[in-house]
Amino acid sequence: MAVIVSDTTPLNHLILMDSVELLPRIFEEVVIPDLVQNELMAAGAPEKVRNWAVQLPDWTSVRATFDLVRLASPFSESLGAGERSAIALALDGGLPILMDDSRAKREAEQLGLDVVGTLAVLREAALRNWIDFRNAAKELVNAGFYISDEVIEGLAEELEERE
């Protein structure tokens with residue numbers, strides 16, 4: 001995948017665990033809606049995340065989504081503004097989307113989008129021998145991501161079997 005649209009949560013977690021630089025190694029470009037950038041820079045966001053969002057790396061671009069309102073009607077009102085804008089942007093560009101919220105992922109998939117989660121990014125990085133999956137999964141949990149030990153172990157064992 002060359003270009004992907006990202007929601008707030010995966011970026012937030014990857015920044016907090018010092019692994020956001022995995023993204024340009026997997027994707028040529030990460031596109032974020034202006035509303036996602038606003039969420040990353042919000043007063044309640046961790047300082048590390050705010051600092052990253054203020055000075056985006058060159059592999060990240062911000063797109064305005066106000067003109068995509070026409071695509072917003074099918075989205076559930078239970079989704080956040082960042083999630084809705086990321087889905088609209090992905091639909092408009094025919095791009096895959098990076099997101100973790102289960103409701104948002106389900107909605108994006110129902111709309112025909114290819115959805116990638118943070119765990120899939122870590123799995124891909126582990127397959128390429130860039131990271132140790134177990135350590136990265138523990139860092140992800142420490143960054144606030146919920147995943148059971150059983151899921152971590154299952155994925156880690158699957159990766160070990162591939163070696």
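How many bridges pair strand β4 with β5, and in which sense, parallel or antiparallel? In this predicted model, where local features need pLDDT of at least 70, side-chain atom pairs count only at pLDDT 80 or more, and totals for chains, interfaces and linings use all residues, strand β4 (residues 97-98) pairs with β5 in the parallel sense over 2 bridges. Residues are numbered from 1 along each chain as its sequence is written, and side-chain values use heavy atoms, with hydrogens and water left out. Strands (E, at least two residues) and helices (H or I, at least four residues) are DSSP runs numbered from the N terminus, and two strands are taken to pair if DSSP finds at least two bridges between them.

The pairing of β4 with β5, in which Ile 97 stands opposite Val 115 of β5, belongs to an open sheet of 5 strands with parallel pairing and the order β3-β2-β1-β4-β5. Because β3 (60-63) and β5 (115-116) stand at the edges with a single partner strand each, one side of each is left without a neighbour in the sheet. Strands of a sheet pair through backbone hydrogen bonds, either parallel or antiparallel. Strand β2 is joined to β3 by 4 bridges, the two strands running parallel, and Pro 33 stands opposite Arg 63 in β3. The parallel pairing of β1 and β2 extends over 3 bridges, with Glu 29 in β2 as the bridge partner of Val 3. Strand β2 is also mostly covered, since 4 of its 5 residues are buried, where buried means under 20% relative accessible area, exposed over 50% and partly exposed in between (1.4 Å probe, protein chains only).

Helix α5 has 13 residues and reaches 18 Å from its first C-alpha to its last, close to the 18 Å expected at 1.5 Å a residue, the expected span being 1.5 Å times one less than the number of residues. The buried residues of α5 are Gly 82, Glu 83, Ser 85, Ala 86, Ile 87, Ala 88, Leu 89 and Ala 90, and what covers them includes β1, β2, α3 (34-41), β3, β4 and α6 (102-110), contact meaning heavy atoms within 4.5 Å. Ala 88 has a relative accessible area of 4% and is therefore buried, and its C-alpha atom is separated by 9.3 Å from that of Ala 108, 20 residues apart along the chain. Gly 94, which follows α5, has a positive phi near 65°.

For helix α9 (residues 149-162), the 14 residues should span 20 Å at 1.5 Å a residue, and the end C-alpha atoms are 20 Å apart, which agrees. Its buried residues are Ile 152, Leu 155, Ala 156 and Leu 159. They cover an arc of only 100° around the axis, which puts them on the same side of α9; the arc is that of the directions from the helix axis to the C-beta atoms. An α-helix has 3.6 residues a turn, so residues three or four places apart point the same way. The cover over the buried residues of α9 includes α7 (118-127) and α8 (133-142), whereas Glu 150 and Glu 161 are exposed on the other side of α9.

The structure also holds 1 aromatic pair. Trp 52 and Trp 59 form this pair, which is tilted, at 6.1 Å centre to centre and 50° between the planes; rings of Phe, Tyr and Trp (its six-membered ring) pair if their centres lie within 6.5 Å, with planes under 30 degrees apart counted as stacked, over 60 as edge-to-face and the rest as tilted. Trp 52 counts as buried at 12% relative accessibility, and Trp 59 is buried with a relative accessible area of 9%.
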